Amino acid sequence: MNFLETFRVSFEAILSNKVRSGLTMLGVIIGVMAVILLVSIGEGARLYITKELTGLGTNLLIITPGKTSTSGGFHPPSAGTVRKLTYDDAQALRRRAWLLTDAVPLVFGTGRIKFGNLGRDVMMIGTTPEFQRVRNLFIDTGNFVSQSDVDSKAKVVVLGTKVKEEVFGDQNALGKVVMLSDARYRVVGVMRKKGTSLGMDLDDIVFIPVTSGQELFDTDGLFEIIASTPRAEDVDRSIAQIKDILIRRHAHKEDFTIQTQGAILSTMNTILGVLTAVLGGIAGISLLVGGIGIMNIMLVSVRERTREIGIRKALGAKNKDIMAQFMIEAMTLSGAGGVIGILLGVGLALLIPVFVDVLPTSVSAWSIIMAFTFSAAVGVFFGVYPARKAALQDPSKPYGTNNPFNRAPVLPHTVIPDLIRNPWAFQYQKWIPAGACPSRTEAGAGMTGHEVLLLIRIIQYS
Amino acid sequence: MIELSHITKTYRMGDVDITVLSDVSLSVSPGELIAIMGPSGSGKSTLMNIIGCLDRPTSGVYRFKNREISTLSDDELAVIRNQKIGFVFQTFNLLPRFSAVKNVEVPLIYCGLPARLRRERAIPLLEKVGLADRLHHKPTELSGGQQQRVAIARALVNAPPVLLADEPTGNLDSRSGEEILNILTGLNKQGVTVIIVTHDQNVAARCRRNIHLKDGRIVRDEATA
């Protein structure tokens, strides 16, 4: 029996029961759709974060005070000996670490900016001119903090666009004097609009010289130093160089931590990769449930068609022909469900970002291939058992409904007393199992209660 | 051609063994026209199952064309059913979703004939049984007599040497039954061995040999006419 013929037979069987086939497929459709959708959301989140982190600038090294990494073995907390990172440390790196293009000292703080009677709580960053280059944040009008501002602890401030709009509205802000936490600062520039990154509004920040910042926040240390090196290959050597310089300046102690952007990225990638896998796994469970639905329906289908199987076997169908027929039926159901699920899943994944802009999605080819392979595998796995059951049916079982020689199916014993009491009123059709005959009425028609009684005697006889 | 010797068949139902056929010996030569008769439960259907290679005897030897049946695999039996035996059932047993011509093609599907050749062989057979104008009707659109004629065409499509008919007229009115009987006896005249299981004395009377079964044994084997 050729494949095409088997396929046609299976397809006709599926089409002959459209509602049931549709509902069976629905399980797989939802499963595949869920896999693709959730994996797309996970992937989207991963790509989004990767993009944002890369957007900070490339090949960044972030030096923070204190040893927080555990990779170098156990470091007992020794508060007294931890030296702060200082502006001079940053200067030393800038002068002596020749692999670095920049070493930007940073202090952070929050405070209130006031102009006239308008005030706003803002984040303040104390830094140097190189900050612009390192973080890809640039000035729009006026000037950024200059080196001479840093050297002279000048009371100058550069406003983020949002701060400028909130405090000055349409007015020109340049040259105006604002109060920053009770100190008077002169506005020298306004930043270019940047937007939000990783939940932080980059336009809601003001920038001041790092030295002024230290004074304002009353600290002589730095929060961090951002260093950058032009080439990715130089990252490891740069770290060595930074360590070399700073350890010497810090009384031969490594009391600082250097994080590379690559390390942060790979940590995030790992976390989000796990997240995606978990989401995909949860969706996979629904695909599994869909597969069980297919098995269930296939078992019903085999039962319903015992007669058909018996006829086909009598006419020369081999076990493998019957097996193939039901396998292809199961695989067609799961395969078609898979394709529809992919279309819906991809469609939804592409639609979501249009309506929900906080949920970026990315449809990856591997999730589509995986979902389809999995759904096809589900069809094979859950189709084998019912198909085997069909193939191994013995067409010769006495009084079995699949024996084409048998003209009447077995009645349940419980109805026999009713039948004996009133053979004329007995409704024979009711007791013909589904699939016992090509059509229920055909076999039941013309059979009187007395003939049924005769049949029962046959059963009792045997 | 068909050689049954000391065939018994027992079924296990729960804890009891039920002997349906006991010590049946029977020999059928090519070209015979035989009626198997007997009351319900006498083992006719089981005998048909065994002759039709749908079942294997519990003991005894069944030779079909000098091949020992009980040693053959399921697949080999399927080939014999497909190639050597035509089945006609009381309830016709057509596949309800298929048209008449598709039903006739079913046995050809299982011997791997391509679609075009199947059609070429099925159509003349349906014409022969007088259904040239009903080729694409579904079984539900045909009368009982017409359905049985489709079933006969299906049984003949692989030109088998033996035709097994189980109460072929049982579900038909007397006129349709007569037509079916004419077709079967006509086929026998062309050399096909025909074995008919029947309750009907009129049917038995048209066969040259009558075998009576009772309680799983052959009680009478006589030549008529």
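1. Largest cavity. In this predicted model, the largest cavity has a volume of about 70 Å³. Of the 13 residues that line this cavity, the closest to its centre are B:Asn82, B:Ile85, B:Pro107, B:Arg154 and B:Ala155. The count of cavities of 30 Å³ or more comes to three.

2. Where the lining comes from. Three elements of chain B each supply at least two residues of the lining of the largest cavity: helix H2 (74–84), strand E6 (85–88) and helix H5 (144–156). Which of them gives the largest share? That is E6(B), with three residues.

3. Eight residues of the lining of the largest cavity are nonpolar. Three are polar and two are charged.

4. H3 and H5 of chain B. Helix H3 of chain B covers residues 100–109. The axes of H3(B) and H5(B) come within 7 Å and cross at roughly 30°. Angles under 35 degrees count as roughly parallel, so H3(B) and H5(B) are roughly parallel to each other. The crossing of H3(B) past H5(B) is right-handed.

5. Residues at the H3(B) and H5(B) contact. H3(B) contributes B:Ala100, B:Asn103, B:Val104 and B:Pro107. H5(B) contributes B:Val150, B:Ala153 and B:Arg154. By class, five residues of this contact are nonpolar, one is polar and one is charged.

6. H9 and H11 of chain A. Helix H9 of chain A spans residues 261–304, and helix H11 of chain A spans residues 319–355. They pack at an angle of about 145°, with their axes 11 Å apart. H9(A) passes H11(A) in a right-handed crossing.

7. Residues at the H9(A) and H11(A) contact. On the H9(A) side are A:Ile294, A:Met298, A:Ser301 and A:Val302. They meet A:Phe326, A:Glu329, A:Ala330, A:Leu333 and A:Ser334 in H11(A). The contact of H9(A) with H11(A) has six nonpolar residues, two polar and one charged.

8. H11 and H12 of chain A. H11(A) also packs with helix H12 (residues 365–391) of chain A. What are the angle and the distance between the axes? The angle is about 155°, and the axes are 7 Å apart. Angles over 145 degrees count as roughly antiparallel, which makes H11(A) roughly antiparallel to H12(A). The crossing of H11(A) and H12(A) is right-handed. The contact of H11(A) with H12(A) has 17 nonpolar, seven polar and one charged residues.

Technical notes
Residues numbered from 1 in each chain as written. Chains lettered and ligands numbered in written order. Predicted model: local features only at pLDDT ≥ 70, side-chain atom pairs only at ≥ 80, totals over all residues. Heavy atoms only, no water. 1 Å grid on protein atoms, 1.4 Å probe; cavity = no way out; pocket = protein on both sides within 12 Å on 5 of 7 lines; lining within 4 Å. Points joined across faces, edges and corners; volume = space filled by probe spheres on them. Helix = DSSP H or I, 4+ residues; strand = E, 2+ residues; numbered from the N terminus. Nonpolar A, V, L, I, M, F, W, Y, C, P; charged D, E, K, R; others polar. Axes fitted to C-alpha atoms, helices over the stretch in contact; angles between N-to-C directions. Parallel < 35°, antiparallel > 145°, perpendicular 65-115°, else oblique. Left-handed = near helix turned anticlockwise from the far one by under 90°. Contact = heavy atoms within 4.5 Å.
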